[in-house]
Amino acid sequence: MAENLLSLSGVHTHIGHYHILQGVDLVVPRGELTMLLGRNGAGKTTALRTILGLWSASAGAIRFEDSDITQRDTPAIANLGIAYVPESMGIFAGLTVQENLVLAARRGPPEEARLDWIFRYFPPMKKFWDLPAGNLSGGQKQMLSISRAIVEPRKLVLIDEPTKGLAPAIINNLIEAFAELKKTDTTILMVEQNFHAAKSLGDSVAVMDAGRIVHAGRMADLATDDALQTRLLGLSLEAHQ
Amino acid sequence: MSAPEGALVSRRLDWRPPALILAIALGSLVLVGNPSTWLTLTIAGLAMGLMIFIMSSGLTLVFGLMDVMNFAHGLFIALGAYVGASTVKLFSAAASADSFLANLGAIAPAVLAAMLAAGLLGLFFERVIVRPVYGDHLKQILITTGGMIVAEQLILVLWGPDQIPVERPATLRGSFLVGDMAIEKYRLIAVAIGLAVFAGMMLLLNRTKIGLLIRAGVENKEMVEAMGYRIRRLFVGVFVAGSALAGLGGALWGMYQESVTVHIGASMMVLIFIVIIIGGLGSIGGCFAGAVLVGLVANYVGYLSPKIALGSNILLMVLILLWRPQGLYPVGKS
Ligand SMILES: Nc1ncnc2c1ncn2[C@@H]1O[C@H](COP(=O)(O)OP(=O)(O)O)[C@@H](O)[C@H]1O
Ligand SMILES: [Mg+2]
């Protein structure tokens with residue numbers, strides 16, 4: 001199996017008085033797409049935010065490549081080559097599509113080849129290049145948020161529920177784009193409630209419940225094991241298929 | 001990068017706030033009746049508005065970017081006014097010469113010294129007073145108000161308790177005569193400087209990466225950090241630049257009033273808060289529109305109905321907020 005790019009061991013996170021992550025053990029193999037599943041409120045978003053230092057872990061260790069990043073601040077962690085597509089998308093509504101991408105590109109202006117690649121999968125980015133991002137539709141905002149994350153090569157992309165609230169046609173568009181992204185070197189950790197999307201994209205999978213990882217393995221094994229799916233994910237997820 | 005084909009028109013300006021300003025100006029022309037009086041009031045209003053804009057532009061960004069309530073902002077205005085006044089006095093030969101170029105030899109150092117002093121005080125203030133109380137509005141209000149009181153005492157020690165007269169440089173006194181209308185020179189200068197500051201800020205905010213970062217940070221600072229930028233550093237820069245601009249505004253205002261007291265800053269703060277709330281917290285365009293509106297309304301109402309002049313700007317704020325609860329040009333927080 002591939003070596004791990006990211007690993008969390010025994011990570012606890014408190015938000016105010018609430019003890020949200022209660023000892024998360026998670027590995028993200030290099031070059032793979034790891035799916036993080038689990039019902040609402042399980043702690044998936046909190047896990048991503050803790051990796052990025054937006055919440056600070058109260059115990060445990062987070063390692064990225066050869067370094068311990070547990071205590072580093074968010075900009076330092078991001079600058080290691082980690083990009084984030086938050087659940088809320090986090091686009092800058094008053095900035096144009098172009099300006100959003102310019103800010104996301106840390107190594108100078110975005111490369112033409114990358115932009116062409118983005119435009120091929122997300123044509124609205126080209127069409128609305130000079131338009132304030134606030135004017136985009138929900139699906140287009142999600143495309144922009146993802147485009148920002150991949151506007152230059154990254155080592156790891158954290159993506160939180162990219163298909164949430166989007167129309168099926170757009171979801172298929174996103175799945176296609178992620179499949180292409182997987183062909184590059186990029187390692188991805190994705191939270192996804194849509195099991196169809198999760199099944200078709202995930203290499204490995206981890207399932208969270210009540211602030212802990214309750215299952216980890218290969219996506220293919222979970223996808224073919226109906227009993228395990230039902231036990232781990234319940235009927236609520238099946239309904240999304 | 002060039003825009004790909006099919007790109008739509010970018011950033012259409014919301015025309016309603018400028019239209020409102022125009023409507024108020026034209027409406028008061030009818031009420032005032034006499035065009036020459038109206039023009040005098042309008043130019044006075046614009047001058048006042050633009051000086052208020054210079055004073056408030058930093059405060060709106062400081063609030064928008066870091067959610068910091070700085071009640072001591074008036075301090076930078078007061079310090080700018082005092083330092084400006086003292087510098088003009090120091091260069092009094094140049095100030096009293098009858099040539100604009102010679103006067104510039106007094107104005108330029110006065111303005112620069114005012115900005116430098118206020119900027120340095122801002123740097124100190126951010127470090128010592130503001131930084132320890134991030135994220136806590138009540139503490140911010142208490143400690144910045146406290147800092148303001150202490151600093152006002154220091155100003156009294158340095159410059160004494162008496163009102164200081166400020167000599168306006170010779171060529172900036174008096175008026176231009178246009179037909180039968182007299183237009184005060186200093187007001188035109190204030191308008192020109194205010195417009196230049198506004199243009200410079202718009203260029204910075206829209207055409208530079210730092211400007212993009214400031215606008216992005218006002219919307220969603222967490223996302224800016226998640227992209228690897230240190231918002232704290234950006235904030236210090238904005239705080240210092242905003243303090244320096246407040247110093248510039250104070251120096252100009254002192255010269256306009258032709259006197260400076262220790263309360264010159266605090267006395268402006270009510271109007272400044274009204275301006276940044278009307279404009280939409282964190283919005284420079286809104287701050288500009290709000291300042292022009294406040295300046296014009298203060299002058300029109302002061303002429304038409306002096307008794308309600310004091311309350312007119314509060315009434316204006318209430319009406320604007322009923323129309324647009326987030327201000328004239330709301331900043332989309334995400
Ligand atoms: N800012 C917050 N303050 C308090 N509780 C929070 C906050 N964010 C999340 N939580 C709580 O933490 C738990 C996990 O939330 P989250 O990580 O968003 O779950 P998921 O992404 O799996 O749906 C939930 O019970 C949620 O209510
Ligand atoms: Mg979530």
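Me: Which strands of chain A does helix α6 lie across, and at about what angle to β6(A) does the helix run?

Reply: This is a predicted model. In it, helix α6 (residues 138-149) of chain A lies across β6 and β7 of chain A. The helix runs at about 175 degrees to β6(A).

Me: What sheet holds these strands, and what is its order?

Reply: The sheet is open, with six strands. The order in chain A is β6-β7-β8-β3-β9-β10, and the pairing is mixed.

Me: Why do β6 and β10 of chain A stand at the edges?

Reply: Each has a single partner strand, so one side of each is left without a neighbour in the sheet. The residues are 82-85 for β6 and 212-218 for β10. As for twist, the average is 15 degrees from one strand to the next.

Me: How do you know that β7 and β8 of chain A count as paired?

Reply: Pairing takes at least two bridges. Five bridges join β7 (residues 156-160) to β8 (residues 187-191), and these strands of chain A run parallel. One contributor is D160(A), whose bridge partner in β8(A) is V191(A).

Me: What packs on the sheet, and which strands does it touch?

Reply: Helix α1 (residues 44-51) of chain A does. It touches β3, β6, β7, β8 and β9 of chain A. Its direction makes about 150 degrees with that of β7(A).

Me: Turn to chain B. What makes α12(B) oblique to α13(B)?

Reply: The axes of α12 (residues 284-304) and α13 (residues 309-323) of chain B cross at roughly 135 degrees. Roughly perpendicular ends at 115 and roughly antiparallel needs over 145, so the angle counts as oblique. The axes come within 9 Å, and the crossing is right-handed.

Me: How do the residues of that contact divide into nonpolar, polar and charged?

Reply: Among the residues that meet are L293(B), V297(B) and V301(B) in α12(B), and L316(B) and I320(B) in α13(B). The contact divides into eight nonpolar, three polar and no charged.

Me: Why does V68(B) count as buried?

Reply: The cut-off is under 20% relative accessible area. V68(B) has 1% relative accessibility, so it counts as buried. Its place is in the loop between α2 (35-66) and α3 (73-90) of chain B.

Me: What does V68(B) touch, not counting residues up to four places away in sequence?

Reply: V68(B) touches V62(B), F63(B), V130(B), Y134(B), Q140(B) and F235(B). V130(B) lies 62 residues away in sequence, and 7.9 Å away in space, C-alpha to C-alpha.

Definitions and conventions. Residues numbered from 1 in each chain as written. Chains lettered and ligands numbered in written order. Predicted model: local features only at pLDDT ≥ 70, side-chain atom pairs only at ≥ 80, totals over all residues. Heavy atoms only, no water. Axes fitted to C-alpha atoms, helices over the stretch in contact; angles between N-to-C directions. Helix = DSSP H or I, 4+ residues; strand = E, 2+ residues; numbered from the N terminus. Parallel < 35°, antiparallel > 145°, perpendicular 65-115°, else oblique. Left-handed = near helix turned anticlockwise from the far one by under 90°. Contact = heavy atoms within 4.5 Å. Nonpolar A, V, L, I, M, F, W, Y, C, P; charged D, E, K, R; others polar. Buried < 20%, exposed > 50% of the residue type's maximum accessible area, 1.4 Å probe, protein only.
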